[in-house]
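Hello,

Here is the structure you will be working with. Please open it, and then read the notes below it.

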Amino acid sequence: MRMIHYLLVSCFVTCFCLVDGLGQQNCCEEAYQASRTTRNWKFKSAEERKCAEAEAEATLRAGNKELAAQCLVVLALDDVENNRFEAAFKYLTLLQEALPADKPEYEPYLANAYGLLAYMYDQQGYQKSAVQYYRRAIELYEKHHMQGEQVVEQANLVKLLAQQGNFEEAIEIGRTAHELTPYLPEGNRSLELKGVAANNLGFAYNLQAGNYRADMRGRDMHAAGEKALEVFKDNLPTTRILGGFPHAIALLNIASMAMVVDHLDTSRHYLQIYLDSVARGMPPGAQYYSLSAAIHAKKGDFESAFLDIGKACSGVSLVASASDVLGPVALRIPDSGDWMPQAALWMHVLQQKGAVLLLYYLKHPDQPEFLEKSLIAYEQAVEVFNRFQADMYEGASVSELRARYYSVYLGAARSAALLFLHKDPSIAAKRETYWRKAYEYAEQTQGFVLRQGVLDAFEGKCGATNIDALHCRDKVFRDSLFHVRVKVKNARAEKKIRDEYHQFRESLKNSNNPVERQYYEQRFGNAVPGMADIQQNLLPDSAIFIEYVWSAPQPFALWATWKSKGLVLLDIPDGDRFWADVERFKQNWLRTDEGFIDVALGHGLYKILIQKVLSDLPAAEQKALNRLVIVADNLLRTLPFDVLPMSDTPVKNHAYPYLLHKYTVGYQYSAALWDLQSRRMEQSMRAPISAAVFVHASGGPSCSTDSLPELKKFAEEGFEETAEKAKINVDTTISNATEGDFMNHAASVDLLFFCMHGCLDKDPDKSYLSFAPSEMPSTDGRLSVSEFYARPEPLEARLAVFGSCETARQGGEHEAGTKGEGVLGLHRAISYAGCPNVVATLNPVVDKNAAKLLDLFFDNLLLKKMPADLALTAAKRQYLDQETKPGSDLLPHPIYWGNFICIGPPVQFK
């Protein structure tokens, strides 16, 4: 049998998902052959099913492996079709045990089993296992030239990889599947496979375009959208022959993608074909009207856009008052029942409504009432999303959630921000409310990624031995909800488990145990520090907290100080050019052969990113300001802000007035995390202060690195001299340190100093610190990101210093992809493991210069008792002063001193 699943995403792009299963004959062989050629195959009667069960038992006893395999496959397939996953697992386990792994003639049956296992794991949210089994099935089908089955599993894998954000591989596999389809035998079955392969490839391009859009990478978004549009158009003749729902969705896919890439006439053309040839005079649905409204709004025809939005809302029972059809709607979300698809459509329609109203306001800024309605629509979409995501997409990947629903938070934040900035007197009394909304919605967007990352990191460790762990109990509840909702469809049992789950969450929320309360905040809590908290608790008077959150069509920065608060929209009319400049500056400051950075480019970024924010402060506050805390996002995470020139004119000795010369610059991932870590640091204050130093010179065979003798010498000798002067207890200094040394000595010291290589991996979970190999069987010399996340006991250190390469970065696609707190890297991992303040590097270190900078830093930190961020800034200034002295062999380029950054609330060892 082949089951085709259509996945309707927010822009109506649909993904066909085929599950490849095979059946039987005799009772089993005949059913098996039928399942390979007939769509929607199933047992014709209960008696036929019983016959297959009896034959499976008999053939297993008799040792007839081939017929037994056919019986087990069709029985499992029937169970999968009816959502009886546990029963299907049992049959597939029997199948794998019964068939010898070294007999090629049985491999097609194993491939059937792998495909069904992959589908079930996929449905239950175990995506890593699903990918593994899809790959196994594809390998065997390709080996036995079973091209139809191969296309099925490749199409499924394309969808899953795209949802995970692995777009390059998804598109590569999608192209392979698409190229196989012309060689399939003719017939309806082949047409279905062609449609599926093309549609899933288009889906991957579409999801990639959505992620590019969230990153303000307009050119990349447009290119991916054009490819998706091309694929969908090529698929249209196939779906026209198939007719029905596939053809209707194909037309909506084309219309939607054409709108995304601004081919508005093309979009309207295919929307009209949909209306004329598919709907056949029937009233169009909410999907049609919301898409039509977006096209009208982009063209500036708001009268038609508002009319269509009203019809879309009416079509899904989101009816506003008769006197104000664009006002708030009656939103009643049921507590139980099969309402998920309806809720997803509600969210989409409300989001489109908010976007259309926002576009109208941008054309008519003298009518803020439309902006207020836009905010209400977005907030109602957020309300649906919060309920929808928590119940149905708990285990979904970050990329999947972000690409489909991420913009509801950003839309709400942007509308609230514009209302805060509006000068209309009628808005004045509400400005404080709008400020809080803008901040909180933007903060929720960031923290959302962190909670998903924590979930993914922990749940792989759940098993029989740690079932009482909080994250495992949480997982049990969600698995139980999935079972009763999807497998047995028992609404009463679902309500009972949902109530128990609610009680579990409330018990964590109100617990006196700080571990339980912290878990609640990380997993369930949407609360973020309010403005009063930031002004009074997080930062001193002389500091400012700047957060960059990127939202189409423009980014905006959130900032706050003790006496003032405000929000500034950054004027970036050409987002593509801005990101291109950021990328150019990043590459330029890494090149040391040209002497100095591109000053004009760096100064231009300073004016956009820093000067525009500071210029809104009163003059007295600007004068008092001396510290900046940067919450950088996207490619900005790869830049050291303190190397941005405040002027393009040299001041002395051919040097430029870098931001470093006026401000101490620190970094963080969000205000919520800063608050959490500040409280953790206060609780861990103790004396005397202790430190541990771990040294290892090699990066290992998979990590190409340079030798760092000066850094090694400083770590083994210079640091201990400084610590002795400061009366710091150096618990241990270990050369050729192993993972075991770290485990034995790191748990109870205040300061951790790593002088070893940091090695990036395309999979950020696998980036690691390179320790020396040891004879311990449980270690491999690589302390990876995932191992930091999985530590059973938190670190007690208040500061970790990395004298290593690229420890403030993350590997692979995540560098410019995943946003916010969820960024995975060595710096983030050790922070999560319990160390709130981290000094790390953005790029490879240069030995002698890095050793000198760290010597100055520790002198400031331990002897002069400076806070860590100020100690690092002072060290950089001292470095530049010494570099200008005659005979100095220090190098002036910013790569040599700007590489180290301070992340998190700065520790001060008094």
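Setting aside neighbours within four places in sequence, M120 is in contact (heavy atoms within 4.5 Å) with V80, F85, A88, F89 and L92. This is a predicted model, in which local features need pLDDT of at least 70, side-chain atom pairs count only at pLDDT 80 or more, and totals for chains, interfaces and linings use all residues. Residues are numbered from 1 along each chain as its sequence is written, and side-chain values use heavy atoms, with hydrogens and water left out.

M120 and L92 are among the residues that touch the most other members of the largest nonpolar core, which has 133 residues. Such a core is a set of buried Ala, Val, Leu, Ile, Met, Phe, Trp, Tyr and Cys residues joined through side-chain atoms within 4.5 Å; buried means under 20% relative accessible area (1.4 Å probe, protein chains only). A second, separate core of 86 residues includes L601 and V845.

Helix α2 (residues 46–62) packs against helix α3 (residues 65–81) at an angle of about 140°, with the axes 8 Å apart. Helices are DSSP runs of H or I, at least four residues, and strands are runs of E, at least two, numbered from the N terminus. Axes are lines fitted to C-alpha atoms, for helices over the stretch in contact, and angles run from 0 to 180 degrees between N-to-C directions.

On confidence, pLDDT (the predictor's confidence in each residue, from 0 to 100) has a mean of 77 over the protein. Strand β2 (residues 14–20) is lowest, at a mean of 28, and strand β7 (residues 664–667) highest, at 92.

Regards

Conventions:
Buried < 20%, exposed > 50% of the residue type's maximum accessible area, 1.4 Å probe, protein only.
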